[in-house]
Amino acid sequence: RIVYVNGEYVPEEEAKISVFDRGFLMGDGVYEVSSILDGKLVDNDAHLARLERSLNELNMGWPCTKEELVDIQREVIRRNDVEEGAVYWQITRGAADRDFVFPKDAKPSLVMFTQARKIVDVPAAKTGMSVITVQDIRWHRRDIKTVQLLAPSLAKMEAKAAGADDAWLVEDGYVTEGSSNNAFIITQDGTIVTRKLSNDILHGITRRAVLKIAEQEGLKVEERSFTPDEAYDAAEAFITSASAFVMPVVKIDNRILGNGVPGPIASKLRELYIEMAKAEAK
Ligand code: PMP
């Protein structure tokens with residue numbers, strides 16, 4: 001694989017980053033993942049806008065212009081010949097002697113790589129996935145997409161150990177979101193429920209697109225918190241992310257939803273999202 005690191009395209013074994021990079025030492029960095037369909041980027045402008053917000057919130061500068069960044073995205077996709085998958089890019093504050101105070105003159109580091117994989121035609125879309133609920137132990141600025149991913153990584157490990165596919169995180173009795181996705185339930189009367197935007201969750205790009213589709217379809221949407229108990233009684237559930245698009249959830253803490261197969265609304269939303277993503281990718 002060819003990766004991009006601070007101005008160079010190199011084979012991944014040759015890529016180098018300083019030991020003093022604050023991303024490495026302190027988790028002082030932000031990232032984005034855009035999906036690739038037909039070799040094109042899905043909803044990339046929205047990912048760029050969120051990256052800009054993350055950078056601003058942390059007082060971090062751009063390593064290059066937005067236009068240059070998009071050129072680099074396209075170039076890593078081209079060099080790796082990726083038709084379907086994702087491009088990951090991260091900006092860290094850069095290398096400086098270790099100190100909690102932000103360095104004045106550090107140059108931000110930009111790293112980018114692709115992951116070729118299927119997103120549309122995956123078995124989980126037909127079988128649905130299982131989740132368990134675990135305590136949300138993350139920091140309180142989950143709206144900033146930082147590279148500090150140890151807490152969600154631990155949550156996912158706990159889910160795997162329990163035989164589930166993923167974890168839904170719970171704080172003060174309410175589900176915040178999934179370990180790396182936004183969480184949705186569909187009530188018995190067909191209302192789509194997902195937590196409202198705040199610092200408690202990442203403002204998912206896919207979440208926004210799916211809510212828009214749901215409204216266009218005339219489905220009822222409520223942006224509010226829900227408890228695990230309400231989720232157990234839901235007719236359907238699903239998650240959204242750039243890596244999974246819309247993925248039906250059929251089991252929560254060993255309670256099977258409906259018939260234990262993906263429900264009609266979640267499946268329809270997945271289909272409509274993929275249709276829209278393919279049509280608008282560029
Ligand atoms: N929440 C969290 C915690 C995430 O890590 C992600 C994926 N990056 C999402 C939600 C989904 O966001 P998006 O749809 O923009 O990928």
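In this structure, A209, V210, I213 and A214 of α6 meet L269, L272, Y273 and M276 of α8, where contact requires C-beta atoms, placed from the backbone, within 7 Å. The model is predicted, with local features needing pLDDT of at least 70 and side-chain atom pairs counting only at pLDDT 80 or more, while totals for chains, interfaces and linings use all residues. Residue numbers start from 1 along each chain as its sequence is written.

**Helix packing**

- The residues of the contact of α6 with α8 divide into 8 nonpolar, no polar and no charged, with Ala, Val, Leu, Ile, Met, Phe, Trp, Tyr, Cys and Pro taken as nonpolar, Asp, Glu, Lys and Arg as charged, and the others, Gly among them, as polar.
- Helix α8 covers residues 264–280 and packs against α6 at an angle of about 110°, their axes being 10 Å apart; axes are lines fitted to C-alpha atoms, for helices over the stretch in contact, and angles run from 0 to 180 degrees between N-to-C directions.
- The two helices, α6 and α8, are therefore roughly perpendicular to each other, a term for angles of 65 to 115 degrees.

**Ligand shell**

- Around the ligand there are 13 residues, of which L202, G204, I205, T206 and A242 come nearest; a residue is near when its C-beta atom, placed from the backbone, lies within 6 Å.
- At least two residues of this shell are supplied by each of α6 (205–216) and β13 (236–241), helices being DSSP runs of H or I with at least four residues and strands runs of E with at least two, numbered from the N terminus.
- Helix α6 provides the largest share of the shell, 3 residues.
- By class, the shell around the ligand has 4 nonpolar, 7 polar and 2 charged residues.

**Domains**

- The domain assignment gives domain 1 (2–116) and domain 2 (123–280), with bounds taken from an automatic or database assignment.
- The C-alpha centres of domain 1 and domain 2 lie 26 Å apart, and 21 residues of domain 1 are in contact with 12 residues of domain 2.
- On the side of domain 1 that touches domain 2, β3 gives the most, with 8 residues.

Key:
Parallel < 35°, antiparallel > 145°, perpendicular 65-115°, else oblique. Contact = placed C-beta atoms within 7 Å.
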